[in-house]
Amino acid sequence: MRDLLPYLKLYKKHWFGLSLGMLLALLTLFASIGLLTLSGWFLSAAAVAGLTIARETFNYMLPGAFVRGFAMGRTAGRWGERVVSHNATFKLLTDLRIFFFSKLAPLIPGRVSNLRDADILNRLVADISAMDHVYLRLVTPMVVGSAGIIGLTALLSWFDAKLGLILGAILITLLLLWPIVFYKLGKRNGAELTSNKATLRVATLDWLQGYSELTLFGAEERYRNAIFDVQQRLLTNQRFNAHFAGIAQALLILANGWTIALMLWLAADGVGGQSPNPMIALVVFATMASVEILMPIAGAFQHLGQTITSARRLNDIILSTPDVQFPSQSTEHESSYSIEYKDVSFQYPDGNTNALSEVNLFIPAGQKIAILGQTGSGKSTLLQLLNRYWDVQKGHIQIAGQPITKWSESQLRQAITVVSQRVDILNGTLKDNLLMASPHATDQDLHQALSKVGLSKLIDEQGLESWLGDGGRQLSGGEKRRIGIARALLHNGPILLLDEPTEGLDKQTERQIMQLFEQHFENKTVVFITHRLVELSKMDAICLIEQGRIVEYGSHVDLLANKRRYFELNQTLN
Ligand code: ATP
Ligand code: MG
């Protein structure tokens with residue numbers, strides 16, 4: 001139950017809509033009970049009056065008007081209650097989604113790296129939607145139910161205290177018993193249902209995303225069957241839920257029936273010490289109407305297990321603190337952008353060896369350094385640490401004389417331009433995909449950047465508005481890479497990090513791109529990761545890295561003269 005607390009607190013912000021919804025629900029309830037109770041009494045009293053002399057004096061008009069008023073009030077009240085409380089709940093869910101997203105974003109990539117995309121999506125969509133149960137199905141019926149019971153007890157007690165209190169006691173017992181019993185019975189099924197729903201989404205997205213690969217390797221059927229399996233389990237959960245709701249309601253109606261019999265028996269001798277009269281009908285019909293108070297509760301509490309499981313899954317994210325936290329204030333720093341790694345050691349959370357060990361590296365402002373090393377040696381990690389994708393466990397990193405932990409996020413992002421090893425293309429227009437690097441760039445700037453990286457042909461047909469990514473044109477590996485480079489040209493920060501920017505390009509394009517970089521390198525601090533030993537003589541320094549350690553450092557000429565690893569590499573590759 002404690003897991004629901006953060007969601008109950010949201011009441012504060014939407015108190016007006018939620019309270020108004022409850023008030024309308026209460027008025028509707030009173031109208032329903034009033035309608036049945038008054039009609040019961042009215043019919044019997046009218047019948048009795050018809051048989052006696054009272055038919056002359058009996059007032060048919062006033063009760064008749066009230067019956068009509070209650071009937072209209074019930075319809076209007078129910079409509080108003082639905083509109084108001086759903087409106088408030090949907091607003092609450094909107095806030096919750098935004099809040100969840102704002103908590104989720106800083107956790108990427110650290111905390112949530114063990115969660116699948118589909119699982120996170122499921123939390124954002126289904127688990128948050130499940131939170132509407134909290135108000136619509138749990139809090140409102142309980143509050144309205146309690147108030148309704150108090151009201152009905154008071155009404156009956158006015159006529160006959162004993163009958164009123166007996167009915168009140170029975171109703172309160174049912175109000176407390178049903179939730180406890182049906183929560184306990186439905187708890188396991190609810191938790192299973194939530195997790196099966198998540199698994200179904202993950203399995204379906206897996207199958208959808210990997211469809212072509214799965215078909216090529218003949219594994220498509222196996223993955224499809226996994227979807228059917230979990231779907232079957234989910235259907236079983238839902239069937240159980242439906243049966244269960246039916247049983248809860250049937251038992252409640254049965255309990256109500258027995259209560260009616262009991263109240264009829266107790267009232268038969270007369271209500272409030274009078275001889276038997278139409279008031280008996282009033283008591284019986286009031287008891288009959290009391291089922292309206294309890295009905296919303298009958299089926300609700302079997303969902304509580306489901307709601308609590310969803311709340312727990314949301315809390316996993318909402319209550320985590322991000323590994324990397326940026327200060328909100330930007331820092332003063334030198335105007336020249338040097339980079340310094342001091343005794344840096346780093347291990348990935350799920351890695352078992354250090355990805356980097358005791359790295360010491362100073363890159364003066366304006367220098368261009370190439371980083372070489374075998375695959376998996378820690379080159380990309382070196383750049384990710386500089387971007388604070390992760391934080392180092394030992395040592396520290398400085399940019400422009402200030403530890404990067406003092407840089408605000410926007411300040412750091414502005415200072416560093418990256419062409420990462422894997423370029424992601426967003427599902428959007430070509431323009432969207434470029435503007436993300438420089439929101440204020442003009443169309444002319446975008447055209448220029450594209451033509452510099454040799455992608456002018458992308459602009460031919462629909463111009464900058466042509467769609468890329470999943471929903472549009474698919475790009476080749478080399479084209480994606482060049483989009484990455486165009487983004488870097490547009491962003492134009494004083495530090496440039498290049499992670500194998502020419503991989504996948506043919507020799508001629510590679511040469512063009514390298515020339516482009518040379519013009520662009522002016523006055524920038526550049527870290528260039530590469531596998532290829534081309535044009536390294538133009539670099540100020542070369543750094544060889546092996547298994548997370550720097551093994552050789554110096555200029556191209558010096559390293560060749562040393563005749564060690566760099567020299568050997570040159571020998572084997574040339
Ligand atoms: P490549 O030339 O193939 O790009 P690299 O030198 O860039 O290789 P890194 O990506 O820095 O290598 O990886 C260094 C080591 O850290 C590798 O052993 C890799 O498996 C591991 N590693 C990289 N990313 C993660 C991660 N997110 N979680 C755990 N381990 C990781
Ligand atoms: Mg890499």
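# A tour of the chain, stop by stop

Select Lys563: this residue is exposed, with a relative accessible area of 54%. Lys563 sits in the loop between α18 (556–562) and α19 (565–573). Its phi is near 60°, a positive value in a residue other than glycine. Keep in mind on this tour that the model is predicted.

**Zoom out to the whole chain**

Show the chain as a cartoon. There are 19 helices and twelve strands. The radius of gyration is 36 Å, well over the 25 Å that the globule rule gives for 574 residues, so the chain is more spread out than a compact globule. Turn the view along the principal axes, where the C-alpha trace spans about 125 × 55 × 50 Å. Of the 574 residues, 46% count as buried. Among contacts between residues at least 6 apart in sequence, 76% join residues at least 24 apart.

**Select Pro6**

Go to helix α1 (residues 5–9), where Pro6 is found. Pro6 is partly exposed, with a relative accessible area of 31%.

**Select the annotated segments**

An unreviewed UniProt entry lists residues 20–53, 138–159, 165–183, 242–267 and 279–304 under "transmembrane region". Colour two of these segments. Residues 20–53 are 94% helix and 0% strand, with the end C-alpha atoms 47 Å apart. Over residues 165–183 the chain is 100% helix and 0% strand, and here the end C-alpha atoms are 27 Å apart.

**Select Asp119**

The next stop is in helix α4 (residues 117–130), which holds Asp119. Is Asp119 buried or exposed? With a relative accessible area of 11%, Asp119 is buried. Show side chains here: that of Asp119 makes a polar contact with the side chain of Arg123, at 2.8 Å. Leaving aside neighbours within four places in sequence, the residues in contact with Asp119 are Ala198, Val202 and Arg313.

Move to residues 379–386, which form helix α12; the helix is mostly covered, with six of its eight residues buried. Those buried are Lys379, Thr381, Leu382, Leu383, Leu385 and Leu386. Just after α12, Arg388 takes a positive phi of about 55°.

Now show ligand 2, the magnesium ion. Which protein atoms are its donors? They are OG of Ser380 and OE1 of Gln421, lying 1.9 to 2.3 Å from the ion. The pair links distant parts of the chain: Ser380 is in helix α12, while Gln421 is in the loop between β6 (416–419) and β7 (428–429), 41 residues apart. Gln421 is partly exposed, with a relative accessible area of 33%.

**Select Glu500**

The last stop is the loop between β9 (495–499) and α17 (507–520), where Glu500 is found. Glu500 has a positive phi of about 45° although it is not a glycine. At 4% relative accessibility, Glu500 counts as buried. For a side-by-side view, select Lys563 again: that residue also has a positive phi, near 60°, but Lys563 is exposed, whereas Glu500 is buried.

Notes:
Residues numbered from 1 in each chain as written. Chains lettered and ligands numbered in written order. Predicted model: local features only at pLDDT ≥ 70, side-chain atom pairs only at ≥ 80, totals over all residues. Heavy atoms only, no water. UniProt positions renumbered as here; feature names shortened; annotations may be inferred. Helix = DSSP H or I, 4+ residues; strand = E, 2+ residues; numbered from the N terminus. Buried < 20%, exposed > 50% of the residue type's maximum accessible area, 1.4 Å probe, protein only. Polar contact = N/O pair within 3.5 Å; in protein donor to acceptor, adjacent residues only side chain to side chain. Contact = heavy atoms within 4.5 Å. Donors = N, O, S within 2.8 Å, 3.2 Å for Na, K, Ca; no water. Rg over C-alpha atoms; globule rule 2.2 N^0.38 Å.
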